[in-house]
Amino acid sequence: MKRSQSKTNKAQTKLGNPAKGKKQGVSRDDDDRTEIGEENLDEWMQSKTLVKPEDQLELTEVELKEEFTRILTANNPHAPNNIVRYSYKDRSYKQISSVNQLAVHFSLEGNLLHKDSDEARRQKAKADSAEVKVTSDVASDHASEAGGEEDEQQDGDDKIEAGTDMEGQDKKDKKLTNQFNFSERASQTFNNPSRERGTVTEPPPRASFSASANQWEIYDAYAEDLERQEKAKEKKTTIIKEKKEEYKKKKLTTLDLQTDDISKINKASKIVERMVNQNTYDDIAQDFKYWEDAADEFRDQEGTLLPLWKFSYDKAKRLAVSAICWNPKYPDLVAVGYGSYEFLKQSRGMICFYSMKNPSYPEYIYSTESGVMCLDIHPEHQFLVAVGFYDGSVAVYNVQEKVQDPIYKSTANNGKHTDPVWQVSWQKDDLDNHLNFYSVSSDGRVVMWTIVKNELHHTNVIELRMSDIPTEGPNGTQLFNLGEPTFISGCGTSFDFSKTVDYIFLVGTEEGKIYKCSKAYSSQYLDTYEAHHMAVYAVRWNYYHPDIFISCSADWTIKIWDHTHPKEPMFTFDLNSSVGDVAWAPYSSTVFAAVTDDGKIHVFDLNLNKYEPICEQLVVQKKKTKLTHIAFNPHHPIINIGDDRGYVTSFKLSPNLRRISKEKSKNAPPMTKAERKQAEIAKLDKLLSLVRETSKDESNQ
C-alpha cells in the first residue's frame, strides 16, 4: 500500500493535479501512463512504417479491388471414390455410388448421468454427506479456539466469519426443487400388523399300478381314441345340418309368405311402374317413335346419332360392359354382361336384362363369382342364355326360373377352359335334337357344349396351333426348323359361324391371324388370313352376302374380306385408335358400325362413301372412357353402345344412316325378304367388282 501511494504522489508532482475539486483517486489509465514513463512516450508517438518483402507483387488499385470468389464444399477431398463391395445378389464386385464425406476431427465420450437415475442419486447423497462432515469439523475447531488469546480470538473471529460466509454460500448454492419454493414434507403411515395363518390338509390317496404295454395294446388304445373323435365329429355335423335345415325351412316359409303377398300385386305393380317411367321418359319415347333428322335431306353423305336411353345399375358401375345381346323375340329387351378387362383386378361379374319400357331398373339381375366375358341368347328358346366367364367356365341360365344359380355349368371335371372364354354362340340342334353351343378361349380350344340329360358334355372341335415359329439365335437372328414343324398353341379371341354354310366358321386370334375352319376337320384349317398385326377383337359374317366378313383389331384397323380371296382384304379403314368391336347392320349389306377406345362411334355405308365414315360422333362425357361393344337392334333403328364404366347408351340412327334398297318403280309392290336379300347382295357385288378391277389394273401396271 505504501509503494502505490508513493507512486501516485510522484505522478501528481510531475504531471500536475487535473482532478482537483473531484474525489481523490487514481484511475487505471493514470497507472498505465506512470508505468510507461516519459522515456517511452517518444517511441509510442512515432508513426509506424510497413515493411514489405522484396518479392511482393505490386498491384494497381483495380487489381486490389478485384474480388475472387471461392466456393467451399462439404466434400472430403481425401475420400476415395472407387470403393468396391461384393454383391451377393449379383455375385460380383460392384462400385458403391455413395461416398462418405464425413471427417471426424475430435470426439469425446461423455460420462453424463440423468439426474433422476439411481447412480446420480447415489453420487448426490455422497456429496451431501461430505459437505455435512466439513461443516461439523469447522464448528468443532471454532469451539476449541474460543478460550485462546485476544489476537488469536480476532483471527478466530475472522475464521468464524469466513465459515458463516461459506455456510451462506452453501445455502445460496442449494437448488430449490422448483420455482414455487416447494418444501418437502414427510409423513409416516401406519403399517398393518402381519398375521400368520396355516391349514393342514390330508394327503391324497395313493395306489401302486403296474402293467405291461405291448404294440397291440398301444394300437388298440389309438384305435379307440380315433373312434371317439369320429363319433364326436359326426355328432357336430348332424347338429349343424339340423340347424341349417331348420333355418332354411324358416327362411322358405317367410319367403313364401312374402311372395304370396307380393305375387298378388306383382303384375299390377309392374304396369304402374312402367306407366310412371313412360311419363318421366316421355320426351325420349317421343323421339324414339317420331323424331327424324330433317337436315339429312340437305346432306347426302352424312348422318347423325340421337342419344335416347342410358341403362345402368348401381352395383355394376365399376365394371366394364363385356357383352351386349338383343333378345330375338322381344325387341325391347337387351342382355348386358359385366366384367373387367383389367386382368390384374378381377373380381365379380353381373348379368342384367334391360327393357326400353323400364330404363330405370333392370328386369332381371344375376350376380356371378367370376367376371362375365360374353353371352348369347338362344334364337328359338329365348329364355336360355349361354355365358362365358373369365375363369374359363361356361354356364347356361334360365330366365324363367327365379333362381340365381345357372342350370348348367362346366367344371374342371367336364372340360372347362383354362383361360378366359371370349365368345359363345348357340347353334342348331344336333341330330338327336340336343341343344348345343360353341365357345372359344385363350387356351386355343374351340369347344362344342351339348346339353344331355341335365349335363354339359364337351367336344373339342379344333385346337388352334401356330406352326413355323422361328427361334431366336445368336445376335438376334431368327432360326427356322427345317425338320418337323414346331407347334405352339394359339389364343382364340373371337369367332363367328357362316349364315349359309353351317359347318364353316371363322376364328380370330391374339396373334392377328384369322383361321377359316370346319366342324368336320379338327386337325387343319381351310384357310389362313394374315389379317392384322395385333389381337383380333371381332369377326362378323355379313347378314346378306355369304362370302363377305369383317374384322377389327387393336392395330386401329377394320378390314372387309372375301373368304374366297384370302390374300388381300377388299377394304381397309384406319380409325386412329384401337377398335373394340364392329357389327354389320341387319337392314343393309353395306352399312356397319365400329367403336374405338377414344370414345367415338364410326358408321360406314360403302354404297355412299367407300373411304370415310358417314358419321363419326363422340358419345362419352369423360375423355378416358373407352367404348367396348356395339349391337344393332334387329327391328328398330337403334344401336346400343357399352363402355368400360358400366353404362349402356341407346342411339337412334338418322335417315341417311339406315338407307335400304328401294323398289325399281314407284308403283311396284313391296319387295319380299328373298327379293330384298338378292338386291342387297347385288348392291355389294357391284362394289366388290369395282374394287377387284382396280386391284387387277394395279397388278398389271
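Two strands pair if DSSP finds at least two bridges between them. That rule is applied here to a predicted model.

**An open sheet**

Strands of a sheet pair through backbone hydrogen bonds, either parallel or antiparallel. Strands S20 and S21 (residues 504-509) take the antiparallel sense, with 5 bridges between them. Gly492 has Thr509 of S21 as its bridge partner.

This pair belongs to an open sheet of 4 strands, in the order S20-S21-S22-S23, with antiparallel pairing. S20 (492-497) and S23 (527-529) are the edge strands; each has a single partner strand, so one side of each lacks a neighbour in the sheet. From one strand to the next, the twist averages 25°.

**Another antiparallel pair**

Strand S12 (residues 421-427) pairs with strand S13 (residues 436-441) in the antiparallel sense, over 6 bridges. Gln427 stands opposite Asn436 in S13. S12 is mostly covered, with 6 of its 7 residues buried.

The two pairs are listed here.

| Strand pair | Sense | Bridges |
|---|---|---|
| S20 and S21 | antiparallel | 5 bridges |
| S12 and S13 | antiparallel | 6 bridges |

**Asn398**

Asn398 lies in strand S10 (residues 394-398). Is Asn398 buried or exposed? Buried means under 20% relative accessible area. Asn398 has 11% relative accessibility, so Asn398 counts as buried.

What does Asn398 touch, leaving aside residues up to four places away in sequence? Asn398 touches Tyr366, Phe383, Leu384 and Ile407. There is also a polar contact: a polar atom of the Asn398 side chain lies 3.1 Å from the backbone nitrogen of Gln400.

Methods. Residues numbered from 1 in each chain as written. Predicted model: local features only at pLDDT ≥ 70, side-chain atom pairs only at ≥ 80, totals over all residues. Heavy atoms only, no water. Helix = DSSP H or I, 4+ residues; strand = E, 2+ residues; numbered from the N terminus. Axes fitted to C-alpha atoms, helices over the stretch in contact; angles between N-to-C directions. Buried < 20%, exposed > 50% of the residue type's maximum accessible area, 1.4 Å probe, protein only. Polar contact = N/O pair within 3.5 Å; in protein donor to acceptor, adjacent residues only side chain to side chain. Contact = heavy atoms within 4.5 Å.
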